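Subject: Structure handover

Hi,

Here is the structure for you to look over. My notes on what I found follow below.

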Amino acid sequence: MSVPSKEERYDEAISLKEGGDLTQAIQKLETLCEDFPEYALPHAALSMFYCKEGDFEKSLNHAAKVCQLEPEDPFSFTAMSILARKSGDKTAAEEALSQAQAAQLNYYRALMEKRQAQTQSEMESASEEKKPEQEENEK
């Protein structure tokens with residue numbers, strides 16, 4: 001019998017939650033976080049599950065871990081902002097929302113730079129293809 005992957009273990013925990021066993025789902029996700037601390041998905045799920053239980057300290061700790069693991073993901077900070085607001089911490093909510101906006105801006109900047117580089121590369125390729133034609137026409 002093979003050892004389940006972290007993804008399979010995550011799916012199992014989510015199935016438990018969907019089946020109504022939030023306590024067991026939380027336990028499985030906590031163990032998964034211990035075994036794979038850099039795996040963001042169980043931290044994200046735990047942040048939501050603990051919020052549902054009203055344990056905002058644990059909820060925010062797991063949300064902060066997701067933001068640490070995925071600092072380029074605006075959704076991580078948006079989720080942190082929502083959880084912080086639910087906990088009553090407006091300052092943390094505003095800070096996380098600001099970080100979400102910055103992450104989104106950085107994403108769009110990187111996307112634009114990538115598109116510009118692709119366009120430049122395409123233009124250079126097209127120019128290189130035309131050179132032999134121009135040289136042939138000049139003869």
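**K65 and helix 4**

K65 is found in helix 4. Bear in mind throughout that this is a predicted model. Setting aside neighbours within four places in sequence, K65 is in contact with P37, E38 and H43. Its C-alpha atom is separated by 44 Å from that of S125, which is 60 residues away along the chain.

Helix 4 covers residues 56-69. Its length checks out: 14 residues at 1.5 Å a residue should span 20 Å, and the end C-alpha atoms are 20 Å apart, which agrees. Which residues of helix 4 are buried? They are S59, L60, H62, A63, K65, V66, C67 and L69. So K65, the residue we started from, is on the buried list, under the 20% cut-off. The cover over these buried residues includes helix 2 (22-35), helix 3 and helix 5 (74-87).

S59 is another residue of helix 4. It counts as buried because its relative accessibility is 0%. Not counting residues up to four places away in sequence, S59 touches S47, Y50, C51 and L83.

**Helix 4 against helix 5**

The axes of helix 4 and helix 5 come within 9 Å. They cross at roughly 165 degrees. Over 145 degrees counts as roughly antiparallel, so helix 4 and helix 5 are roughly antiparallel to each other. The crossing is left-handed.

Both sides of the contact are worth a look:

- From helix 4: F56, S59, L60, A63, A64, V66 and C67.
- From helix 5: S76, F77, M80, L83, A84, K86 and S87.

By class, the contact of helix 4 with helix 5 has 10 nonpolar, three polar and one charged.

**Helix 3 and its partners**

Helix 3 runs over residues 40-53. What do its ends say about its length? With 14 residues at 1.5 Å a residue, helix 3 should span 20 Å; the end C-alpha atoms are 20 Å apart, which agrees. After helix 3 comes G54, whose phi is positive, near 85 degrees.

The buried residues of helix 3 are A40, P42, H43, A45, L46, S47, F49, Y50 and C51. These pack against helix 1, helix 2, helix 4 and helix 5. Among them is H43, which contacts K65.

Take helix 2 next. Helix 2 and helix 3 pack at an angle of about 145 degrees, with their axes 10 Å apart. Helix 2 passes helix 3 in a left-handed crossing. The contact is made as follows:

- From helix 2: L22, A25, I26, L29, E30, L32 and C33.
- From helix 3: P42, H43, A45, L46, F49, Y50, K52 and E53.

The contact of helix 2 with helix 3 has 11 nonpolar, one polar and three charged residues.

Then helix 1, residues 6-18. Is helix 1 roughly parallel or roughly antiparallel to helix 3? The axes of helix 1 and helix 3 come within 11 Å and cross at roughly 20 degrees. Angles under 35 degrees count as roughly parallel, so helix 1 and helix 3 are roughly parallel to each other. Their crossing is left-handed. Helix 1 brings Y10, I14 and K17 to the contact, and helix 3 brings L41, P42, A45, F49 and K52. These residues divide into six nonpolar, no polar and two charged.

P42, A45, F49 and K52 of helix 3 are in the contact with helix 1. P42, A45, F49 and K52 are also in the contact with helix 2.

E12 is found in helix 1. Its relative accessible area is 38%, so E12 is partly exposed. E12 and A84 are 72 residues apart in sequence and 28 Å apart in space, C-alpha to C-alpha.

Q99 lies in helix 6, residues 90-138. Q99 has a relative accessible area of 36%, so Q99 is partly exposed. Q99 and A63 are 36 residues apart in sequence, and their C-alpha atoms are 13 Å apart in space. A63 is among the buried residues of helix 4.

Best wishes

Note on methods:
Residues numbered from 1 in each chain as written. Predicted model: local features only at pLDDT ≥ 70, side-chain atom pairs only at ≥ 80, totals over all residues. Heavy atoms only, no water. Axes fitted to C-alpha atoms, helices over the stretch in contact; angles between N-to-C directions. Helix = DSSP H or I, 4+ residues; strand = E, 2+ residues; numbered from the N terminus. Parallel < 35°, antiparallel > 145°, perpendicular 65-115°, else oblique. Left-handed = near helix turned anticlockwise from the far one by under 90°. Contact = heavy atoms within 4.5 Å. Nonpolar A, V, L, I, M, F, W, Y, C, P; charged D, E, K, R; others polar. Expected span 1.5 Å × (residues − 1). Buried < 20%, exposed > 50% of the residue type's maximum accessible area, 1.4 Å probe, protein only.
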